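Have the model open as you go.

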Amino acid sequence: MHLLERETYLRVINPRMISGHLQGKLLEMLVRMLRPKRVLEIGTFTGYSALSIARGLEGDATLDTIEVDDELEYIAASFFARSQYGHRIHQHIGSALEVVPRLERCYDMVFIDGDKREYTAYYDMLMDGGYVRSGSFILADNILWYGKVAQPIAHNDKHTENIVEFNRRVVEDPRVDNVIVPIRDGINLIRVL
Ligand SMILES: C[S@@+](CC[C@H](N)C(=O)[O-])C[C@H]1O[C@@H](n2cnc3c(N)ncnc32)[C@H](O)[C@@H]1O
């Protein structure tokens, strides 16, 4: 994992998007606690969180991870290939909004870490499309957005606007229960009732 972090900082624009040890370990622990059979990740980036999730999976459980930027594919793929947990990861390239409906699977756990402007679209797709069910968990990263969600939104700041709308939609949705875990940039932990 240290090598993956190093490569990310050497080769990729915006390397700070990587999950890193604290969040990676938390994801692994949650997976070990919930023991999901099928996990979905939106936003593979260079694969750090995917490998953290895969490490916690048991038996024949699998992770579908989706990344829209095809230039990142080879970095993540090369680290998945070298990992003893790589066989649990199915890598998909394309927008999650198009790939998830094509996969036609229902997930026990979803990690949302894609484009912040699309969080509400991911949520609606998952909840209304039948890609999660009662007992599934959705984890959404960066929901504090560096504290911007608690400040007046700057003109045309679509990222903050959508995260605020996402958090509102979740808390007002009678189909789910949730808690915001203020670790790092904040994770919204959502349970489908
Ligand atoms: C914050 S990074 C993900 C970090 C990664 N989960 C990790 O922990 O290392 C967000 C990623 O989501 C990707 N992304 C943006 N929109 C997407 C979409 N519609 N579908 C899939 N991936 C998307 C971006 O290209 C970027 O690589």
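**Exercise 1.** Find how many aromatic pairs the structure holds, and describe the one formed by Y123 and F166.

*Solution.* Step one: the structure holds 4 aromatic pairs, where rings of Phe, Tyr and Trp (its six-membered ring) pair if their centres lie within 6.5 Å; planes under 30 degrees apart are stacked, over 60 edge-to-face, and the rest tilted. Step two: Y123 and F166 are edge-to-face, at 5.7 Å centre to centre and 90° between the planes. Step three: this pair links distant parts of the chain, with Y123 in helix α6 (residues 119–129) and F166 in helix α7 (residues 158–172), 43 residues apart. Helices here are DSSP runs (H or I, at least four residues), numbered from the N terminus.

A note on the basis: this is a predicted model, in which local features need pLDDT of at least 70, side-chain atom pairs count only at pLDDT 80 or more, and totals for chains, interfaces and linings use all residues. Residues are numbered from 1 along each chain as its sequence is written, and side-chain values use heavy atoms, leaving out hydrogens and water.

**Exercise 2.** Decide whether Y123 and F166 are buried or exposed.

*Solution.* Both Y123 and F166 are buried, meaning under 20% relative accessible area, with exposed over 50% and partly exposed in between (1.4 Å probe, protein chains only). Ring pairs also join Y123 and F166 with Y119 and Y122 in a cluster.

Terms used
Helix = DSSP H or I, 4+ residues; strand = E, 2+ residues; numbered from the N terminus.
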